[in-house]
Amino acid sequence: MNPSRLSRHEHGPAGQAGVVLIEALVGVLIFSIGILAIIGMQAFAVEQVADAKYRLDASMIANQQIGRMWVDQANLANYVTTNQSLSELPDGKLTITVVGTSDVTVTVEWTPPHSGVEHTFSQVARINPS
């Protein structure tokens, strides 16, 4: 056997030592980045669901107030309020204005805990006297 040929075979596998470990580490790194991306998307989705719930609650509060006013049309002026506290929403406030005898604006404001930015929902209704 040729000694130079023997030395090439001996050094061939030795030159490859550690490659499998590096490939495994790169695979773990790629997997970890994927998992972190999924966790980030999950956190974003939870935040969006919370925002949607707050908007739904604000809409429901405004609709309930307008429904009460429809039933009690003779006392619309008694419903006027400014920055009334709402426990249903974080830092929630309710404002009701009546213009003339039938134009009503219900405004609900809240500040979600994760953003610190105030959100507003307004609904305008004309309550025709019966």
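How many residues does the largest nonpolar core have, and which have the most contacts inside it?

A: A word on the ground rules before the answer. This is a predicted model, in which local features need pLDDT of at least 70 and side-chain atom pairs count only at pLDDT 80 or more, while totals for chains, interfaces and linings use all residues. Residues are numbered from 1 along each chain as its sequence is written, and side-chain values use heavy atoms, with hydrogens and water left out.

A nonpolar core is a set of buried Ala, Val, Leu, Ile, Met, Phe, Trp, Tyr and Cys residues joined through side-chain atoms within 4.5 Å. Buried means under 20% relative accessible area, exposed is over 50%, and partly exposed is in between (1.4 Å probe, protein chains only). The largest such core has 17 residues, and Met69, Leu89, Leu94, Val106 and Val108 have the most contacts inside it. Two or more of its residues come from each of α2 (19-71), β2 (92-99) and β3, with α2 giving the largest share, six residues. Helices (H or I, at least four residues) and strands (E, at least two) are DSSP runs numbered from the N terminus. As background, nonpolar side chains tend to be buried together in soluble globular proteins.

Zoom in on Val106. Contact means heavy atoms within 4.5 Å. Leaving out residues up to four places away in sequence, Val106 touches Ala62, Gln65, Ile66, Met69, Leu94, Thr95, Ile96, Phe121, Ser122 and Gln123.

Now follow β2 over to its partner. Strand β1 (residues 81-86) pairs with β2 in the antiparallel sense over four bridges; two strands pair if DSSP finds at least two bridges between them. Leu86 has Gly92 of β2 as its bridge partner. The hairpin has five residues between the strands, and Asp91 takes a positive phi near 55° there. Most residues other than glycine have a negative phi. Asp91 is partly exposed, because its relative accessibility is 49%. Asn83, in strand β1, also has a positive phi, near 50°. Asn83 comes out partly exposed too, since its relative accessibility is 44%.

Thr111 counts as buried because its relative accessible area is 18%.
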